[in-house]
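Work through the exercises below with the sequence and the model in view. Each task is followed by a solution in steps.

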Amino acid sequence: MDALWHQEAERLEIFDRDREFLLFATYPGSLARGWVRVKDSNGTRTPSRIAAATGHSDFIAVSLDGKSLCAVSYEEYEIWIVTHSFQDARPETVEPTPERKSSDTGENRP
């Protein structure tokens, strides 16, 4: 599972050039701590090392630019590696969809 997670994380460019990424580990009290910027200087067995450090195997890793996600979820009989790539969602760069254009024409604004 470690090797597959690393393969997906590399494909999605989770790590920056210094091997840093954002981590949200799911363990009691993790909501209060929130996202943590971490550096993976080892570069191997990251999911296993996160599990050993937190006592829980589930976690979410996101690239520093917020464009890629690679998570691990342990279910009853399966381990899931969940990946997603996000578009740049900053409001100033989002092009309106045809639905948005028709519902917000600006005609009623002062």
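**Exercise 1. Find what average pLDDT the protein has, and which elements score lowest and highest.**

Solution. The model is predicted, and the protein has an average pLDDT of 81. A score of at least 70 is reached by 79% of the residues. Next, go element by element: the lowest mean pLDDT, 41, belongs to helix α4 (residues 98-103), and the highest, 96, to strand β3 (residues 59-62). The pLDDT is below 50 over residues 91-110. Leaving aside near neighbours in sequence, that stretch has seven contacts in the model.

**Exercise 2. Decide how strand β1 is placed and which strands pair with β1.**

Solution. Start with burial, for which the cut-off is under 20% relative accessible area. Five of the six residues of β1 (residues 20-25) are buried, so the rest of the structure largely encloses this strand. Then look at pairing. β1 pairs with strand β2 (residues 36-39) in the antiparallel sense, over four bridges; phenylalanine 21 has valine 38 of β2 as its bridge partner. β1 also pairs with β3, again antiparallel and over four bridges. Here phenylalanine 24 has isoleucine 60 of β3 as its bridge partner.

**Exercise 3. Describe how helices α1 and α3 cross and which residues make the contact.**

Solution. The axes of α1 (residues 2-11) and α3 (residues 46-54) come within 7 Å, and they cross at roughly 115°. α1 is therefore roughly perpendicular to α3. From α1, the contact involves Asp2, Trp5 and His6; from α3, Thr46, Pro47 and Ser48. Sorted by class, the contact has two nonpolar, three polar and one charged residues.

Methods:
Residues are numbered from 1 along each chain as its sequence is written. This is a predicted model: local features need pLDDT of at least 70, side-chain atom pairs count only at pLDDT 80 or more; totals for chains, interfaces and linings use all residues. Side-chain values use heavy atoms; hydrogens and water are left out. pLDDT is the predictor's confidence in each residue, from 0 to 100. Helices (H or I, at least four residues) and strands (E, at least two) are DSSP runs, numbered from the N terminus. Contact means heavy atoms within 4.5 Å. Buried means under 20% relative accessible area, exposed over 50%, partly exposed in between (1.4 Å probe, protein chains only). Two strands pair if DSSP finds at least two bridges between them. Axes are lines fitted to C-alpha atoms, for helices over the stretch in contact, and angles run from 0 to 180 degrees between N-to-C directions. Angles under 35 degrees count as roughly parallel, over 145 as roughly antiparallel, 65 to 115 as roughly perpendicular and the rest as oblique. Ala, Val, Leu, Ile, Met, Phe, Trp, Tyr, Cys and Pro count as nonpolar, Asp, Glu, Lys and Arg as charged, and the others, Gly among them, as polar.
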